[in-house]
Amino acid sequence: MFTSEILFLTILVIILGYFWNNRRFWYLIWKIPKVAAFDMTYKNIYNYYFGNTKILFKVLESLFERTKGISIVKYFPVVMVNVVLPEDIKFVFNSKVCIDKPRLMIDLCGLSEGTLFGKVKPWQAHRKVLNFYFTQQSLRSIIPIFNKRAKILMNNLSKSESKGEFNVFHNMTALSLETILSVMELEIDIQNLEEKDRDIFIKKIENKASAVMLRIFKFWLHPDYLYSLSKIYEFERKAEVGCSFIFAPQVVENIREKLKNDENNNNEYEKPKTFIRAFLDPKNNFTEHEIFDEIKTLIVAAQDTSAVATSSTLLLLGMFKDKQEKVVEELRQILGNFNENENLDIEQLNELKYLEMVINESMRLMPVVPLVGRRNLQEITLSEGYTIPINSTLMIPIFKIHRSKEFWGDDADKFKPERFEPEEFKKIHPYVFIPFAKGPRMCLGWRYAMYLMKIQLARILLKYEIDTSLKLEELEYKFSVSLNVCQGYKISIKKRE
Ligand code: HEM
């Protein structure tokens with residue numbers, strides 16, 4: 001009895017001590033309006049903590065449906081501050097004190113020494129090095145790689161001609177994985193692998209992402225020890241063993257070999273041409289851990305994202321044939337009698353304005369990254385004068401902002417690329433279209449992604465007519481790290497007349 005009283009008192013003192021030490025945090029949080037993550041029914045509570053990635057998306061969708069201005073949602077043990085107003089989003093994306101990622105993301109996503117989920121210190125140094133390799137000028141030298149890999153895609157797609165619907169996402173993921181490895185100077189033929197072997201890399205990275213996402217919502221699995229005993233941990237380990245991360249050591253070994261050969265051949269040292277050489281350049285002081293985390297980060301960031309965006313665009317063009325014909329008209333006008341063996345160059349790609357509007361509209365309706373998080377390293381004041389305590393988790397729900405009728409009009413749920421006509425787009429607040437986020441931590445690879453997607457889509461659409469039986473309003477989504485369509489990106493292709 002005596003021991004249990006001591007135990008009880010100790011726990012009470014610890015809890016009170018915690019709240020006393022963090023009294024300003026809780027005081028400020030208490031002043032902000034609350035929004036419930038869900039109605040407190042048993043079913044909803046169960047779904048929230050035990051649901052799959054499809055249910056998770058539904059819960060988040062309904063949560064942000066209720067969110068109007070600055071508000072907080074408490075989901076034990078995290079307090080999230082929802083940032084949904086354009087001026088607040090602008091502030092958070094651009095503020096030097098909101099440059100960090102939420103602790104939970106850094107701790108649970110792994111890759112803490114890489115750019116995407118990295119802590120501020122390695123991030124600043126790495127981003128400075130990497131920016132140079134993602135300018136339009138630097139990307140010019142990798143456009144031939146994009147073309148070469150897209151030509152292999154066309155060969156592979158010919159096997160699906162007039163054979164009914166197939167999930168084009170598998171082709172696009174294999175292509176983007178192969179392309180990023182090739183940009184890292186590792187030539188691996190993934191598109192031509194047997195379908196079963198190809199899909200292993202794809203499925204496993206998807207499984208790994210789902211495991212990370214599900215763990216974030218299961219607070220009892222946050223401590224590493226408890227996580228290591230769980231089924232999700234086992235699932236994540238299995239996914240990691242065979243996923244595309246296995247190429248990271250090969251990338252490093254290959255570049256080290258090339259650098260050694262250059263030295264032996266007395267090649268004069270020049271500025272590294274690819275970012276992968278920059279990682280290994282002693283001048284940049286990357287540790288071994290940082291090199292591997294950065295390579296894995298770029299594989300993950302480049303493999304899934306552009307594949308989702310290209311697949312979504314194809315799916316939407318299959319649904320909206322009139323827009324598809326407009327894209328083809330533009331392609332014919334700009335590329336003339338395009339021969340499949342030719343390469344598209346940067347100048348031609350920059351001229352494909354309607355195609356760009358279509359890609360933007362598809363990323364608006366189906367944003368690849370549906371939710372981004374930031375952490376403020378100092379107190380900040382947002383709209384209506386609310387003070388947000390230091391170290392808060394700030395959540396920006398891109399998918400909600402992109403479909404908001406308040407910002408986009410009553411037809412926000414419709415596919416209408418024309419809203420990106422310069423004159424129309426001027427009327428929209430610049431911070432309500434944020435597929436790549438904005439500010440210093442915006443997507444490093446946005447230009448890379450746009451060029452890659454344009455090359456792939458131009459080649460596919462010049463050759464094939466796209467069709468699908470899926471309807472936009474019937475699509476269901478699931479949320480791992482990216483937003484995916486549950487039904488799959490099912491299209492059929494037929495050669496154009
Ligand atoms: C359609 C394709 C893509 C979309 C929609 C996209 C979207 C995004 C978004 C929203 C972020 C911000 C994440 C956050 O704030 O938490 C981000 C970050 C990032 N993206 Fe992309 N991305 C795409 C393609 C790529 C590609 C192809 C690469 C690399 C080759 C890349 C590399 C990165 C990196 C390294 C970051 C972290 C930037 C930083 O924190 O400084 N992304 N991306």
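With 23 C-beta neighbours inside 10 Å, Thr115 counts as buried, since the cut-off for burial is 20 or more such atoms. The structure discussed here is a predicted model. Thr115 belongs to the loop that lies between α6 (103-108) and α7 (120-131). Leaving aside residues up to four places away in sequence, Thr115 touches Trp123, His126, Arg127, Leu130, Glu294, Thr297 and Leu444. Arg24 is 91 residues from Thr115 along the chain, and the C-alpha atoms of the two are separated by 32 Å.

Helix α9 (residues 143-157) has 15 residues, which at 1.5 Å a residue should span 21 Å; the end C-alpha atoms of α9 are 21 Å apart, in agreement with that expectation. Phe146, Arg149, Ala150 and Leu153 are the buried residues of α9. Because these residues cover an arc of only 105° around the axis, they are on the same side of α9. Pro144 and Asn155, on the other side of α9, are exposed. The buried residues of α9 pack against α10 and α23 (446-463).

Helix α10 also meets α11. The axes of α10 (residues 168-183) and α11 (residues 195-216) come within 10 Å and cross at roughly 80°; the two helices are therefore roughly perpendicular to each other. The residues that form this contact are listed by helix below.

| Helix | Residues in the contact |
|---|---|
| α10 | His170, Thr173, Ala174, Leu177 |
| α11 | Arg198, Asp199, Phe201, Ile202 |

By class, the contact of α10 with α11 comprises four nonpolar, two polar and two charged residues.

Methods. Residues numbered from 1 in each chain as written. Predicted model: local features only at pLDDT ≥ 70, side-chain atom pairs only at ≥ 80, totals over all residues. Axes fitted to C-alpha atoms, helices over the stretch in contact; angles between N-to-C directions. Helix = DSSP H or I, 4+ residues; strand = E, 2+ residues; numbered from the N terminus. Parallel < 35°, antiparallel > 145°, perpendicular 65-115°, else oblique. Contact = placed C-beta atoms within 7 Å. Nonpolar A, V, L, I, M, F, W, Y, C, P; charged D, E, K, R; others polar. Expected span 1.5 Å × (residues − 1). Buried ≥ 20, exposed ≤ 12 C-beta atoms within 10 Å, placed from the backbone. Arc of directions from axis to C-beta.
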